[in-house]
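Please keep the sequence and the structure in view while reading.

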Amino acid sequence: MTVSISHSPEQTRQAYDSARAGMFPREPGTYIGRVHDPLRRAPVPVAYREDALWDLSAVNPTVADLLDDEGAGEAIAAVTRRAPDWTTAEVRCELDDGGDPARDPLLLPPVDLQVLKACGVTYAGSMIERVIEERAHGDPAAAAEVRNAMRSELDLDLADIVPGSDEAARVKQFLSHRGWWSQYLEVGLGPDPEVFTKGPVLSSVGSGAAIGIPAFSHWNNPEPELVLIVTPGGRIAGVTLGNDVNLRDVEGRSALLLGMAKDNNRSTALGPFIRLFDDAFSLEDARELTIALNVTGPDGFELEGINSVAALSRSFESLVDAAYGPHHQYPDGFALFTGTLFAPTEDRDAPGEGFTHRPGDVVTIGNPHLGTLVNAVARTEELPPWEYGIRTLWRDLARLRGNGDADA
């Protein structure tokens, strides 16, 4: 598949090409992902190292299987000792102008059978912005007035408050008594985090693909996040980068519209690869990552932001425990967005209206340990529909194994 962004100004193409050039991680490590192999007409898991990729389908047919096999690391190491199957120069992305679709593999999101889950309001700063959205009823112009009122009335530093603690309960009570009650205070300061299903299995897009903003949204933004990749047994096997695309006007109207705000075609981007934990990169290293965001618009607008994972109000383990346990299992594992500190308030158009996306925006979310997630923004309704589901994957895997025919 190739999605043209030629309708956007040349600045969009230049911004995408520049970001695409720095997409693949340079740091040595254990990386796995997925590509669509056009010769076998099927998706295959791959290992990545130093601008080369190795087909791992002989080790396990899906990324979900690879992650659930704690001994897969040795098999992956053995595969990567032979000559690679492809170089990154041969790998196409959906938005690329070049490449041969009949010969060159297409980069896919690095997860397959995992459920897409997400946590919200995991940072004090993002909690306040959710409260503002709610009180402004999803109106970006009204949000500036609410934001200024909150700053003038409240003199609280929430960054060091532990959710669920006695201090958090007192702060929640104080804010409620001052007239700032919100359901977001409960998930931001209470004992239980917000965990929701971001999208169905196989609905995410990868790096180098288009992300979609539905026509019914007029106030929206990217959300750069670290995503935990969790096995069926609850083990955090690795991490990747994610964009939890957010429709602020929709969620601001009512938190009960969360599904409408979060789960739309191409509203989840992941990649470029999953970095597995090994001697060179640990879970403790992941806790200290800083994720950089850049948005370059066709109008010349540029926005930069930072998401500091160390500033999370809750631990990785507590977020996983809220999603997985005796109350809920995931037989194929899950990808868990951990939330973002980033909530843009910089005006793009009229004063006081803040930031919102425009078609043609190029969004880059990166960290040197993980590479760069690169996507261009378009209207959801103008992009190809989502048609590749579990049944199609099953038929393609049958063909890959030689046990069936996807066309039968």
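## Strand pairing and salt bridges

In strand β15, Ile 306 is the bridge partner of Ala 292. This is a predicted model, in which local features need pLDDT of at least 70 and side-chain atom pairs count only at pLDDT 80 or more, while totals for chains, interfaces and linings use all residues. Residues are numbered from 1 along each chain as its sequence is written, and side-chain values use heavy atoms, with hydrogens and water left out.

Strands β14 (residues 290-296) and β15 pair in the antiparallel sense over seven bridges, where pairing requires at least two DSSP bridges between the strands and a strand is a DSSP run (E) of at least two residues, a helix one (H or I) of at least four. Five residues separate the two strands of this hairpin, and Gly 300 in the turn has a positive phi of about 90 degrees.

Salt bridges (a side-chain nitrogen of Lys or Arg within 4 Å of a carboxyl oxygen of Asp or Glu) number 22 by this rule; three of them are tabulated.

| Pair | Closest N and O atoms |
|---|---|
| Asp 112 and Arg 34 | 3.7 Å |
| Arg 82 and Asp 85 | 3.1 Å |
| Lys 262 and Glu 223 | 3.2 Å |

Asp 112 is buried at 4% relative accessible area, and Arg 34 is buried at 5%, whereas Arg 82 is partly exposed at 38% (buried means under 20%, exposed over 50%, partly exposed in between, with a 1.4 Å probe and protein chains only). Lys 262 and Glu 223 are both buried. A salt-bridge network links Asp 299, Arg 348, Asp 349, Arg 358 and Asp 361.
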